[in-house]
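Have the sequence and the model open, and try each task before you read its solution.

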Amino acid sequence: MRALLSVYEARYPREAEFVVGYVGADVPVELITAAGALPVRLAGDPDGDLSAGDTYLGRGLDPMARSVLARLLAGDYGRLDKLVVSRDCEASLRLFYAVRELRRIEPAFGLPEVYLVDVLHLPHRTTTAYNLARLEQFRQRLRDWTGRPVSDADLAAAIASHDEQRALLSSLAAARREGRIAGSDWLAVVGAGTVLPVAAHLSLLRELSTVDLPEHAGKRVFLTGSSHDTPHVYRALESAGHLIVGEDHDWGDLWYRRRVDGHTLLALAERYQYNGPTAQRSTVDERRALIAEGMRHAELLIGYARRGDEAPPWDFAGHEGLFYERQDYGRIAL
Amino acid sequence: MSVTPSVAEEAKRYQREWFRGLRARVAGGEPFAVVNADAPQEILRAMDFPYVVSQWWASIIAAKQRSRDYLDLVRERGYPDYTEQYNSVVLGSAFDPDPAGGPWGGLPRPTLLLGDATGDVTRRIFDVWAHEPGVAFYPLESAAENEVPTNWWELMPYRWEEAVGATRLDLLEAELEGLVRFLESTTGRVFSEARFREVLALVNEQQEWNLRTRDLIARTRPAPLPVSDTIPGVMVPQWHRGTEWGRDMARAFHDEVAARVAAGDAVCPEERLRLMWIGRGLWHDMGLYRRFEQSHGAVFVWSMYLAIAADGYRRYGGRPLRQLAARFAAFTDQLYMPPWAGAWYVKEARLHGVDGVVHLVSDDPRGSWFTTRALRDAGFPVFELRADNVDASAGYDGGAALGEWLDATF
């Protein structure tokens, strides 16, 4: 656990030969791994200066994205050879447009080349065909970047590794649901996998699987709402006596919930199409089912929505629990 | 001198009459759709399927000062009243316990909702609405492209495949195929390909008249009519595009503007400043557009409504459904995505010879900074007016700061 926490807290930079920074859990990391590059997911910093992000993206947008842009401009992420952005939420799309345009009109800023992987989520075969075309285009772009094609064998191996990562996390999540891993630590267990090479993360997860973990005290909470790219809010809730045993955002349980269970680009396209359901890319009914599933292991539902993250409050209707809307980034007014 | 053009008045009169007729058709058992402005309505038109555009209904709600009432109804159901208010107010009107007490006798209960999954909330709003009995929601994806040529307004009419990109067009064309089959199966109505082609041709003809009107206004000094008249003059027919009435009103609007130009009519004979309004219409205070004529000789000569009608809709050639897909697969990008939006606004500012720009900046995620930057780089002074276009309570100062900016800048 200490090693995972240390990797998570030391974000960034990571050393590698070719680092692809990415924004949003809709980026198919398997393709980046298969291309021989290191995918590194970019997190914001609630304690950092958001002003540059505010300038270019406006204050109405999710501050997490504003923070990522501010950190990109400040060079906080260390080595970034390329940047890949997904369409996991409107803020990410706006971030993509901003970086693309700033590279054009402000080349002195030195922002990395940015690429959009436009994975969409309606549950229809028309969307599958679109996503497959987008993943094939991304595969070609990776070949252009690295100088070598991503073979079917490379892809199958990468999918197998990332699926094993998901399987191990799912297995460890059972211990977490029993209260033997605190929510803030769970963010680190998962989050370490967003910056480490998949093999290194697998090794640490296997090690953790062998440890006898003590049970934590606290009222068991399922947390719905905005995603948490840092542990600030989790720690505040833990300080108030809560033990977060599950959540419905993709820096936590939704990051590994769905596996590819296949080895082709089409299987990968369907995995990302149906992954989630996140608040920003699903229906209220889908989220209600997810909350009901999570509440099987919890005593209390807490809803948290960041100011500027507009989708989550639509999920709060009709539930019993504690709800915090329009919260400042990384803060909760308990 | 300022004279209200008769086309704008006729459009408003027709709209009320049409809405009464629509209510009667729905009361008689016909299906009825609420559609998003960026969704392909031409399919419904070809099938004679009655519909209302949600943004138009939101503008009526705001003009009748009912936005807060309807947002309160959204809140009473446990949903937020502060997200995507342009669509939320329309959802709120569906929750009205006294629907007949709404504007214009109230919006009938729809049987179909048609919208694209723009942003994070639009799909959720329509999805919540579809929980009401008898309401079905047909969502369309909203897709984006990596690399796009900047001069979209030159490419779109004929080279739309190049401007939009094949991958997005493949998606929307396939979704529209599905929509046609869905409507045929669920309503028993016929989709005639011949009729559909007529509708597409009528839309292009209508926008060709708007193009002529836009160009005429752009080159006329002083401005022959205020934007508060061009907006209803162009938008009410726009909601009826694909009909002969819509096409004929666009032509009548052009002829009326031409007559006013020939007669030397002017909004403000002492015109000293030509202003451009960027953003949605300020529906709760349309008087703002005329407020600075006497004091500053400042006339708003441009809003996106006529300009986007001129440049944003025309599509020719190709398979008909794909041609329609090309109209909408990147529609929002034309207005809000850098570099498309900024480059187009600069082109329009130059075409209209504006002296300054008033840019409505709301708390929603649009490419505001890049638009302002593009205009300033091109030498146009820009005032960013902070307000919401439907919610008057959202910090709007009534234009006080704009007046100060005009004093200080010109």
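Two residues are in contact if their C-beta atoms, placed from the backbone, lie within 7 Å. Please keep in mind that the model is a predicted one.

**Exercise 1.** Among contacts in chain B between residues at least 6 apart in sequence, find what percentage join residues at least 24 apart.

*Solution.* Start with the secondary structure: chain B has 19 helices and eight strands. Next, take the contacts in chain B whose partners are at least 6 apart in sequence; 76% of these join residues at least 24 apart.

**Exercise 2.** Work out why the radius of gyration of chain B agrees with that of a compact globule.

*Solution.* A compact globule of 410 residues would have a radius of gyration near 22 Å, and chain B has 21 Å, so the two agree. Then look at the extents: the C-alpha trace spans about 60 × 50 × 40 Å along the principal axes of chain B. Finally, 55% of the 410 residues of chain B count as buried.

**Exercise 3.** Find which residues have the most contacts inside the largest nonpolar core.

*Solution.* The largest nonpolar core holds 234 residues, and Leu95(A) and Ala33(B) have the most contacts inside it. Helix H10 of chain B (residues 193-219) gives this core its largest share, nine residues. Now follow Ala33(B): beyond its neighbours within four places in sequence, its contacts include Leu44(B), Phe49(B) and Tyr51(B).

**Exercise 4.** Determine how many residues each chain brings to the contact between chains A and B.

*Solution.* Chain A brings 36 residues and chain B brings 34. On the side of chain A that touches chain B, H5(A) gives the largest share, seven residues. By type, that side of chain A divides into 19 nonpolar, eight polar and nine charged residues.

Technical notes: Residues numbered from 1 in each chain as written. Chains lettered and ligands numbered in written order. Predicted model: local features only at pLDDT ≥ 70, side-chain atom pairs only at ≥ 80, totals over all residues. Helix = DSSP H or I, 4+ residues; strand = E, 2+ residues; numbered from the N terminus. Rg over C-alpha atoms; globule rule 2.2 N^0.38 Å. Buried ≥ 20, exposed ≤ 12 C-beta atoms within 10 Å, placed from the backbone. Nonpolar A, V, L, I, M, F, W, Y, C, P; charged D, E, K, R; others polar. Core = buried A, V, L, I, M, F, W, Y, C linked by C-beta atoms within 7 Å.
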